[in-house]
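Welcome! Take a moment to look over the sequence and the 3D structure, and then we will walk through them together.

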Amino acid sequence: MFASLLVVAIIGAIAWAGSAVGLGVLFGVVLPYVAVAAFFVGVIWRMVYWAKSPVPFAIPTTGGQERSLDFIKQAKWDCPTTTFGVVRRMFLEVVFFRSLFRNTCADVREFDEVNNGPRTIYFSSKWLWVFSLLFHYCFLLVFIRHFRFFMDPVCPVITWIETIDGIMQVGAPRFFWTGGLLLCALLFLLARRAFNQRLRYISLPNDYFPLFLLIGIVGTGICLRYFDKTDIAQVKVFIMGLVHFAPVSADGINALFFVHLTLVSVLLLYFPFSKLMHMAGIFFSPTRNLPCNTREVRHVNPWNPPKQFYTYAEYEDAFRDAMADAGLPLEKQPEKAAE
Amino acid sequence: MAKLPTPQELVASRPDFPEQDWLDVKPQFTPGSYCYPAKKETMELLHMPNPHDWDPAAEDWNLPEDWEKILCDAFAERLEKHRSLKLFMDICVRCGACADKCHFFLGTNDPKNMPVLRAELLRSLYRRDYTMLGKILGKKVGARGWDKDVVKELFYYAYQCTECRRCSLFCPYGIDTAEITAIVRELLHEVGLGIHWIMDPVKNCSFTGNHLGIQPHSFVEIVEMLADDCETITGIRPKTPFNEKGHEILFITPSGDVFADPGIYTFMGYLMLFHELDLDYTFSTYASEGGNFGSFTTFNMAKKLNAKMYAEAERLGAKWILGGECGHMWRVINQYMATYNGPAPSCMMDVPTSPITGTKFTNAAATKMVHITEFTADLIKHNKLNLDPSRNDHIITTFHDSCNPARGMGLLEEPRYVLKAVCNNFVEMPENTIREQTFCCGAGSGLNTEEIMELRMRSGMPRGNALRYVQEKYGVNHMACVCAIDRATLPPLANYWAPGVTVSGLHELVANALVMKGECKRTMDLRQEDLPNVEPDETETQVEGQ
């Protein structure tokens, strides 16, 4: 955990120092280009890597009643049989994290009055769901908000989102709720890993690193807006230069901006090689993206091996006399088989 | 078998998490923590790779010389063949939502029984060979290489997972531990590691048609005896057609129901139901096993055993196949059969149709296999059965959803519909333990063997606790189920966690309630125990009358 924190801190420090000694071009121009390219190439490479393996079996998890008899109501959302149903299931999964919404917490008690003995009780547990949704949606909105730096003129949708985001009209510059909530959600996810025994036991640096990286990005972003205020106009000119492949000088932009930009670049670089690929992976998940109509429509396995099994003929050969004695019908009567 | 601790002792004795990092903890092969290994001869007979003698408790497992290469190559091959495996190796974020969804974890508190960590056992190997960070940073990012202790660890935990898929329901990405466990078991088979309790039935199913290896004539004899019992109870001897050609329906059910109490009563239920309907059907001694123990070993073995069903339907000229109550049998039929061995033989009808009601089972159009509870629910809906549910008034029943029909098929309402029609007293267990959230009996996927009884009671704890709850709160004294393995595993589980609760298949209760045309006055249920609401003097008259 601390190693991950240290790595993120070092990356930030290097970016800070680098830009201070005039390596702004490296951290402001070269690294972002490399990172964006690596991100797209890497994500596509990983998706191609998955897609190269076939889906030999249709193994949807049936999350509710199957479609069978007319008078039995099918759970169309969780056990879909049609393409539309599968799209709806995937939509609910991707947009609302439906499976995570089911989450429960099991409490094993050594003694319970009702059971007069041990009992396991299940409590609804929606915190992970709430904070995951909060994190992902705030991140999305913050991401979209940043397009004001990439566009000229700024699209009205983005202006509208900014208005909504700052609707409470607190502070100057106006406080954006998404930024604050994003940080809260990240801190919750981090605290879960740090303080829940089970989570702490399974967590790897691979889990802490992206959390610290994101906290670093959000933290520097918030600082740039409210505390160590950067010259927005200059940043926009600089970024538009990047967008148009005509980089301009970064002189005068404060060092913290380069820390922010570098951490984002590292996130993009890290993304395709990490668990963050769950973003693309969810769409490939065979327990969710296949229709639950496996008895109705045959799923074909491209590497289906040839059928090899103990045939009836071999079986009858092995047991013919006994079967005849038991009066079982036979393909070949014992006398005939003996010939 | 060692003496079991009391339920309270068992819960209290769940250890805390180890101090060390999970990569540094090695499993202890103490008696009761592992299943007995498969015999070398069995493995040879089945042409499994690298058969050898070995003992899980021994230091040296006699792995083949180039075991590491075999495993690495086999893993690479599985990655090429299964997109699911690549994906599940890559996208887990270790959010921990699956952790307390696993019955093995709840019962043992062993962190490696959290589905996420069970998968990490394999994922750590994947990281070293297939991810850039794992190659560079190794153990720091949870990557490790193969060694013999890793093989042991994989074995230990692959056989502490019943492939019930409860975790896959809660996973935000649908990561299915059953898929991972199945592939780990495949890998272990590549170096000759399997368990006796699975491989012996596989051998028997393969060569004699059923998992105990009962030969055809004995099989018929046993069924005849069950038919005799039906006659004792009802005065009607149901027909027992075997291996006959030209019938409309081939009926296949797990063979456990022919041999083992209380499955035999379910089997008698089938006989009585089909006789009452005058159903045009036949059994087969060749395809007399619905259950598929191959599905607990390798995909190919599952395919091999399953192939007999279509082959026999074709030989006998059946129009469709009716399948009995079973768990993993239906996972295979519902999600794998058409893929493995389809398309169905051309002699079969386009859409299986009930000859009694004319209902077309369009949901089974490709495999041509209908579940018996779909069939019976349809009969009841169309009022084709004369039922007297008061004959089951001596029981207050609950219903155990089996993992596979629940999460691999979605068979939830059909059995309830039937159960409510044949029993007046039905109580559900708590909502987080039923339907798609159902808990495993604790011993599915080939783990219902005696030597791990304490482990089974641990993994059966969530189910046992839920059963105990309805027993204490609502006076439940019976648990119905639609799975032959459940009928073998739930009686000891009930006996331990909720003593006094009996277990039966659904069709035992159907047959208890079924009023057959021309039957004698029923005084006994299928277990030949006294029926409720029968006046004692009437019983005597009845006996005297006979």
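In which helix is the place of B:Ser84? This residue sits in helix H4 (residues 83–90) of chain B. Helices here are DSSP runs of H or I with at least four residues, strands are DSSP runs of E with at least two, and both are numbered from the N terminus. What you are looking at is a predicted model, in which local features need pLDDT of at least 70 and side-chain atom pairs count only at pLDDT 80 or more, while totals for chains, interfaces and linings use all residues. Residues are numbered from 1 along each chain as its sequence is written, and chains are lettered from A and ligands numbered from 1 in the order in which they are written.

Let us stay with B:Ser84 for a moment. B:Ser84 counts as buried because 25 other C-beta atoms lie within 10 Å. (Buried means 20 or more other C-beta atoms within 10 Å of a residue's own, exposed means 12 or fewer, and partly exposed is in between, with C-beta atoms placed from the backbone.) Leaving out residues up to four places away in sequence, B:Ser84 touches A:Ile59, A:Pro286, B:Asp176 and B:Glu179. Two residues are in contact if their C-beta atoms, placed from the backbone, lie within 7 Å. B:Asp176 is 92 residues from B:Ser84 in sequence, yet their C-alpha atoms are 8.5 Å apart in space.

Now turn to chain A, which has 14 helices and two strands. Strand S1 (residues 104–112) of chain A and strand S2 (residues 117–124) of chain A run antiparallel and are joined by seven bridges; strands pair if DSSP finds at least two bridges between them. Within this pairing, A:Asp107 has A:Ile121 in S2(A) as its bridge partner. S1(A) and S2(A) form a hairpin with four residues between them, and A:Asn116 in the turn has a positive phi of about 50 degrees.

What about chain A as a whole? Of its 339 residues, 35% count as buried. Its C-alpha atoms fill a box of roughly 105 × 60 × 45 Å along the principal axes.

Finally, how confident is the prediction? The model scores ipTM 0.94 and pTM 0.94. Where pLDDT is low, the predicted coordinates should not be read in detail.
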